[in-house]
Amino acid sequence: MSILVLTASDVARVEASWPSQEIQSVIAHVFFTLSHNHARSPPHRTTIDTESHRVLFMPARIDGIGTSIKVVSVPLLSDDVRGLPASTLVLDENTGAVRALVNARSLTALRTAAGSLLATMVLYPPASCEFKRLVTFGAGSQIRSHIDQLVATYPSIVHITVVNRTINDRVITLLDRLREDHPAAQFMAISRTDGGTQVESAVRQADLVCCATSSTAPLFPSEWVRPGTHVILVGSFKREMAEVDTALIRRARKILVDSRSACAIEAGELIAAGVKPEDVVEVGELLLYRSELWQVDTTRVSELLTGSDVTIFKSVGLGGQDVAISVATIDRAIEMEIGTRIPNFE
């Protein structure tokens, strides 16, 4: 039996051919399935620390889609700018053997940003929303993917400020690529350590704030965030990590999350704020599936928005997302005749 190997360049070719609506459908199906108990309950992710990384092992299964395990290495040093190496093994559902090995570095950012975008679209339909100013914290692939997807879906976003600990080569490269991909938007970068007043001004004016860092201390105080702002938090995945303060968390009547159970274990900001299960709503609980098309439960969304000073989406990342995005990538790669077959693996 052979296995299919998809390199980073193979995955990039697949991603480039992928309509955003299809990606959204994949992620919506995952969230709906997980919220309505149509997936096998995955074990909690396992971590192992090496000399330079915290390695995460994320097994999961979704009935009707597949079974996989992703291994992703998170640098232990904040100044390590090499990104997050990640690989996903997908099993053959009939034989139990490995069907494919997929480079998941960019897919991790793609599926996380797609989840954030879906959550944002559920609360703020693009047809009736005109976000103008986006502020992001971090400068890795997660931030690039979030900016790409948010700006493509909300073309009214024309002012983007990237806040990073320092203005390094990675930030400069990121802005160069973003300006090339989104010529109608204005981009600027601010150092979090050197540009205190500029950071405050940017956050105070923001309609959207997106954080994708490994910070263990709040990146900005709650009072900088004006009423009506939507905040996306995707960086923390341990109890001791936190990108925003407790005051900001408590300003939202309900917190929108990817998974209630996972966030109860891993979302440092929510744990620190004493958020209870009844204080959060899963994205999948706000979705309806009819004729294989997902729709928004507008009644539940209205209830969630009522009385909220700000809205917050918190994601810790789910193995179910990795299963779905990897299987979809493999299927599309086979259609496009992309990838390398390793014969006689079994």
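Two strands are said to pair if DSSP finds at least two bridges between them. Strands (E, at least two residues) and helices (H or I, at least four residues) are themselves DSSP runs, numbered from the N terminus. The structure is a predicted model, in which local features need pLDDT of at least 70 and side-chain atom pairs count only at pLDDT 80 or more, while totals for chains, interfaces and linings use all residues. Residues are numbered from 1 along each chain as its sequence is written, and side-chain values use heavy atoms, with hydrogens and water left out.

Strand pairing makes a friendly place to begin. Strand β3 (residues 53-62) runs antiparallel to β4, and the two are joined over 10 bridges. Within this pairing, Leu56 stands opposite Val72 in β4. The hairpin of β3 and β4 has three residues between the strands, and Gly64 there takes a positive phi near 85 degrees. β4 also pairs with strand β5 (residues 86-91), again in the antiparallel sense, over five bridges. Here Ile69 stands opposite Leu89 in β5. Strand β4 (residues 66-75) is mostly covered, with eight of its 10 residues buried; buried means under 20% relative accessible area, exposed over 50%, and partly exposed in between (1.4 Å probe, protein chains only). As a general point, side chains in a regular strand alternate between the two faces of the sheet.

Stepping back to the whole protein chain, there are 11 helices and 17 strands. Of its 346 residues, 52% are buried. The C-alpha atoms fill a box of roughly 60 × 45 × 40 Å along the principal axes. Contact means heavy atoms within 4.5 Å. Among contacts between residues at least 6 apart in sequence, 69% join residues at least 24 apart.

Aromatic rings come next. The rings of Phe, Tyr and Trp (its six-membered ring) pair if their centres lie within 6.5 Å, with planes under 30 degrees apart counted as stacked, over 60 as edge-to-face and the rest as tilted. The structure holds four aromatic pairs. One of them is the tilted pair of Phe137 and Phe220, at 5.1 Å centre to centre and 35 degrees between the planes. Because Phe137 lies in strand β7 (residues 133-137) and Phe220 in the loop between β10 (208-211) and β11 (230-233), the pair ties together parts that are 83 residues apart in sequence. Both Phe137 and Phe220 are buried. Elsewhere, ring pairs link Tyr124, Phe131 and Tyr154 into a cluster.

The loop between β10 and β11 also holds Ser222. Ser222 counts as buried because its relative accessibility is 6%. Leaving aside neighbours within four places in sequence, Ser222 is in contact with Asp245, Ala247, Leu248 and Arg251.

Finally, the cysteines were examined for disulfides, meaning a pair of cysteine sulfur atoms within 2.5 Å. The count comes to zero disulfides. The sulfur of Cys129 lies 15 Å from the closest cysteine sulfur, that of Cys210, so the two are too far apart for a bond. Cys263 is likewise in no disulfide, the nearest cysteine sulfur being that of Cys211, 15 Å away. Cys129 is buried, at 13% relative accessibility, and Cys263 is buried as well, at 3%.
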